[in-house]
Amino acid sequence: MLSLFILRPGKRCRINKPFFKLRQFHLHTLSLLPKRNKLKKHSNISANNWTTTHKFVLSNPTLSLLESKCNSMIHLKQIQSQMIATGLSSDGLAYSRLVAFCALSPMGDLNYSKRLLFAMRNPNAFSWNIVIRAVSESETPTEVFVLYRQMLAVVSYSGVCLRPDNYTFPLLFKTCARFSLSRLGHGILVHVLKMKYDGDVFVHNSLIHFLVSCRELEAANKVFDESCVRDLVSWNCLINGYARSGRGKEALRVFREMETGSDVAPDEVTMIGVVTACTNLEDSNLGREFHRYIIDRRLNMTVPLTNALLDMYVKCGDLEEAKELFEKMEEKTMVSWTTMVAGCAKSGQLDLARKLFDEMPEKDVVPWNAMISACVQSHRAKEALSLFHEMQELKIEPDEVTMVSCLSACSQLGALDVGVWIHHYIEKHNLFLNVALGTALVDMYAKCGNIKKAIQVFHDIPGRNALTFTAMIGGLALHGDAKQALSCFLEMIDSGLVPDEVTFLGILTACCHGGLVEDGRRIFSQMSSKFKISPKIKHYSCMIDLLGRAGLLKEAIELLESMPIEADAVVWGAMFFACRMHKNIELGERAATRLLELDPSDSGIYVLLANMYVERNMWEKAGQVRKMMRERGVDKTPGCSSIEVDGNVYEFIVRDKSHSRSKEIYESLVQLSKEMKVFECVSDMKDEFLFASEVGR
């Protein structure tokens, strides 16, 4: 894009003939120009956005006709012909009205406005700025830079060089800011400095906005500090820039400087940045103070400002304050509703979130995504998929965020058929397979049992990141492929990616399933020594499980006792299972006792402890455990399982007869049990069944 500025401001090209001559000169840039289109309907521009109240225009019969009666390009061309015939077209202001209609009116034609522009005998910056503005608001906004380059080449019939003004550069900086075109923006800045517009407040503010939008906050702050032209817009650009970048402390620092070191009073836009800064800092008390500040100053509680306050209360966990503010809002936008839905869901009030969601007067994909994601995070995956089907019935197009949430729901349910259908949907509708979506697919296939497909998708993802590798390592660990998981982990390290806590949990789990004791020890050691990550309780649990399964009970209990954090039920559970596996009664009793202290209502511990005694023919102690269980009123928790058939997920609990074909299901279960007995697959479960029946009495 910088090649557009090869033609320097000092080099000019005289235009002696209309548009065709200019096209011949700029032959190498024609590919960047828009194709000749039909009449351009600017749906985002109001019908009276181009009109003027200038006395000369309104007093002239021809121009007043253009302002009030012209409603098509046919009318425009008739008026243009009359202006040419009367000589009115030679007047710069009159001619600019033709350009303005074509460029800015909903009935205009943007391409025709360019032709008018290039045909001007005495071009002026005002007319060029009109077209530059229109192009910046069109479907091809970056073509303003082509237009600007052509502007620099213009010389009028009288030999006067056309010069951009202080309204041209803000339009260019705005487009650079919108698309984060940092290098191109700095090229424009060179022109600003050469033409000595750096002292103009409009150019100055647009420069700060551009730098802030490109995340060059230090440069924006330097421009701001060194400037002698500051107004409210300057302060607002910097404050909101810091706030949007998550740098709340700096935003508040600039606000304090504004209060104490200037005579500029804050407005509603200022306070949006200040409230957003409080959101970044998760400081509801400070946010509440600024809320009172807004009320005391009698600032206008605009919808964007109210939404910012609502978002602050929700993200700071003060849902009651958010509800109160929401109820007082006279005008609720989709952002207001979505913020409340997400806030209620995040705080665990999913039913209230659904109620608000159903009450929304209109919904686009964003609130649907918020609701589906909330269901997934609350482990209500079936409800999430049901919402997705409802969304499709209403013809609302899902996006990549929707697909990620739905794939996560499939992972929770093990619903492979639904996950495959979603994958096909992604491919059919050409949704971009970004890293987040690709990672969700890998996770879904791995957790739903198709590890081969997970590996295939993993290799198809462009630009894999640490999360993608983590999902793949976890999937391989889940399927017991410890060696390939270890290979994937080493590939991740070699590619320069940094593993996190979840990555280490996945690779340690893989080592545990594969019995890779030495690799597990090495990785666990490197976690803190090389990668500076302190092991959490789950990492210790994996290591104790790994050592315990390998029969290294002494090393396992030593690691448990040396933990810098107190062991929980998961850690002691891993120790207990290892003791039972290797028939170490002494350590097993110690682990079980600690488990019962941590959670005396867990029926599984009683069952497993009694079974361990039964396996060693210690019937008296097994009876004592059963007696303890009855005295404490502990019931065995019924098991629950699920199965997917034809895209539908069915759940069953012990003695469940809710299914319409439960009789056939139980008959099949009996038949399977008989076949299992033939192959002697139930011998290891004999004592557990005996104990379960004893508890049932």
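**Helix packing and selected residues in a predicted model**

In this predicted model, helices α7 and α9 are roughly parallel to each other.

Q: At what angle do helix α7 and helix α9 pack?
A: Two packed helices are described by the angle between their axes and the distance between the axes. Helix α7 covers residues 125-136 and helix α9 covers residues 168-178, and their axes lie 9 Å apart. An angle under 35 degrees counts as roughly parallel, and α7 and α9 therefore fall in that class. The angle between them is about 15°.

Q: Is the crossing of α7 and α9 left-handed or right-handed?
A: The two helices meet through Asn129, Ile132, Arg133 and Ser136 in α7 and through Thr168, Leu171, Leu172, Thr175 and Arg178 in α9. By class, this contact has three nonpolar, four polar and two charged residues. The crossing of α7 and α9 is left-handed.

Q: How many residues in the contact of α29 with α31 are nonpolar?
A: The axes of α29 (residues 501-514) and α31 come within 9 Å and cross at roughly 10°, which makes α29 roughly parallel to α31. On the α29 side the contact includes Phe504, Leu505 and Leu508, and on the α31 side it includes Cys542, Met543 and Leu546. Besides two polar and four charged residues, the nonpolar ones number eight.

Q: Is threonine 279 buried or exposed?
A: Threonine 279 belongs to helix α15, which spans residues 268-281. Apart from its neighbours within four places in sequence, threonine 279 is in contact with Ala308, Asp311, Met312 and Lys315. Its relative accessibility is 10%, and the cut-off for this class is under 20%. Threonine 279 therefore counts as buried.

Q: What is the phi of lysine 395?
A: Most residues other than glycine have a negative phi. Lysine 395 lies in the loop between α22 (381-393) and α23 (400-413). With a relative accessible area of 71%, lysine 395 is exposed. Although lysine 395 is not a glycine, its phi is positive, at about 65°.

Q: Where is lysine 532 found?
A: Lysine 532 is not a glycine, yet it has a positive phi of about 55°. Its relative accessibility is 67%, and lysine 532 therefore counts as exposed. Its place is in the loop between α30 (517-529) and α31 (537-549).

Technical notes
Residues numbered from 1 in each chain as written. Predicted model: local features only at pLDDT ≥ 70, side-chain atom pairs only at ≥ 80, totals over all residues. Heavy atoms only, no water. Helix = DSSP H or I, 4+ residues; strand = E, 2+ residues; numbered from the N terminus. Buried < 20%, exposed > 50% of the residue type's maximum accessible area, 1.4 Å probe, protein only. Contact = heavy atoms within 4.5 Å. Axes fitted to C-alpha atoms, helices over the stretch in contact; angles between N-to-C directions. Parallel < 35°, antiparallel > 145°, perpendicular 65-115°, else oblique. Nonpolar A, V, L, I, M, F, W, Y, C, P; charged D, E, K, R; others polar. Left-handed = near helix turned anticlockwise from the far one by under 90°.
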